[in-house]
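These are my notebook entries on one structure. I set down what I looked up, entry by entry.

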Amino acid sequence: MLAALLAGPTSAAADLAWTQDRTSTGLQALGRPVVVVYAPQSKTSPQLTSNARITQIYASRDYEGLAQVSTELCWGSPKGLCVPLQGRHINTSAFNGKPANGPLLLVHRVDRWVGDHPPLFVRGTVTVWYADQPHAQVR
């Protein structure tokens, strides 16, 4: 059972994937969003077709310090479909069927400094599993 959990989502096991690691600009003020855009890079990712659709996403974030930071994973724009990270990561199928070229965004906000002070830099990773779906339509 533990091996199955560590292996990741079974629905994405045969799918292709792209991953990108990025670090935010410095978070400076309480509640002010800092948006980091994630998209496949042609040199490091398989070539995406226009029919490539998301089948699963894993996103994580990390930072140094005790500040309380909330992060949302969004597809398309910070005002688009968004889901909050639970703790420092999320494994979600909320974006299934959306175009796999994104963009995906991590939107970070400092909720409380807890003795820390600006700037605060957040490291993030987004992995998108996808499959080519003939005649796929954007939802």
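**Entry 1: Val-37.** I began with the contacts of Val-37, where contact means heavy atoms within 4.5 Å. Leaving aside neighbours within four places in sequence, I found Val-37 in contact with Gln-20, Arg-22, Pro-103, Leu-104 and Leu-105. I located Val-37 in strand 2; helices (H or I, at least four residues) and strands (E, at least two) are DSSP runs, numbered from the N terminus. I then looked up its accessibility, for which buried means under 20% relative accessible area, exposed over 50% and partly exposed in between (1.4 Å probe, protein chains only). Val-37 counts as partly exposed because its relative accessibility is 37%. I also noted that the C-alpha atoms of Val-37 and Ser-77 are separated by 9.0 Å, although the two residues are 40 residues apart along the chain.

**Entry 2: basis of the model.** I recorded that this is a predicted model, in which local features need pLDDT of at least 70 and side-chain atom pairs count only at pLDDT 80 or more, while totals for chains, interfaces and linings use all residues. Residues are numbered from 1 along each chain as its sequence is written, and side-chain values use heavy atoms, with hydrogens and water left out.

**Entry 3: overall layout.** From the N terminus on, the elements run α-β-β-β-β-β-β-β-β. Of the 139 residues of the protein, 38% count as buried. Among contacts between residues at least 6 apart in sequence, 81% join residues at least 24 apart. For the surface I used accessible areas from the Shrake-Rupley method with a 1.4 Å probe; for residues, only the protein chains shown count as cover. The protein exposes about 7800 Å², and carbon and sulfur atoms supply 55% of it.

**Entry 4: nonpolar cores.** I next searched for nonpolar cores, each a set of buried Ala, Val, Leu, Ile, Met, Phe, Trp, Tyr and Cys residues joined through side-chain atoms within 4.5 Å. Which members of the largest nonpolar core touch the most other members? Of its 20 residues, they are Ile-54, Ile-57, Leu-73, Leu-104, Val-126 and Val-128. Strand 2 (34–38), strand 3 (52–62), strand 4 (68–75), strand 7 (104–112) and strand 8 (123–132) each supply at least two residues of this core. Strand 3 gives the most to this core, with four residues. Apart from this core I found another, of nine residues, among them Leu-27, Tyr-63, Val-110 and Leu-120. I then listed contacts of Ile-57, not counting residues up to four places away in sequence; they include Leu-73, Ile-90, Phe-95, Leu-104, Val-126 and Val-128.

**Entry 5: Ser-60.** I placed Ser-60 in strand 3. Is Ser-60 buried or exposed? Ser-60 counts as buried because its relative accessibility is 17%. Not counting residues up to four places away in sequence, Ser-60 touches Leu-85, Arg-88, His-89, Leu-106, Arg-123, Gly-124 and Thr-125.

**Entry 6: salt bridges.** I searched the whole structure for salt bridges (a side-chain nitrogen of Lys or Arg within 4 Å of a carboxyl oxygen of Asp or Glu) and found four. The side chains of Asp-62 and Arg-88 meet in one of them, at 2.7 Å, N to O. Asp-62 lies in strand 3 and Arg-88 in the loop between strand 5 (81–84) and strand 6 (89–92), so the pair ties together parts that are 26 residues apart in sequence. Asp-62 is partly exposed, at 34% relative accessibility.

Asp-62 also forms a salt bridge with Arg-123, the closest N and O atoms being 3.2 Å apart. Because Arg-123 lies in strand 8 and Asp-62 in strand 3, this pair ties together parts that are 61 residues apart in sequence. I found Arg-123 partly exposed, with a relative accessible area of 35%.

The side chains of Arg-123 and Glu-64 meet in a salt bridge as well (3.4 Å, N to O). Glu-64 is exposed, with a relative accessible area of 59%. Through shared partners, salt bridges join Asp-62, Glu-64, Arg-88 and Arg-123 into one network.

**Entry 7: charges over rings.** I last checked for charges over rings, which requires NZ of Lys or CZ of Arg within 6 Å of the ring centre and within 35 degrees of the ring normal. The charged end of Arg-88 sits over the ring of Tyr-63, 4.3 Å from its centre. The charged end of Lys-98 sits over the ring of Trp-75, 5.1 Å from its centre.
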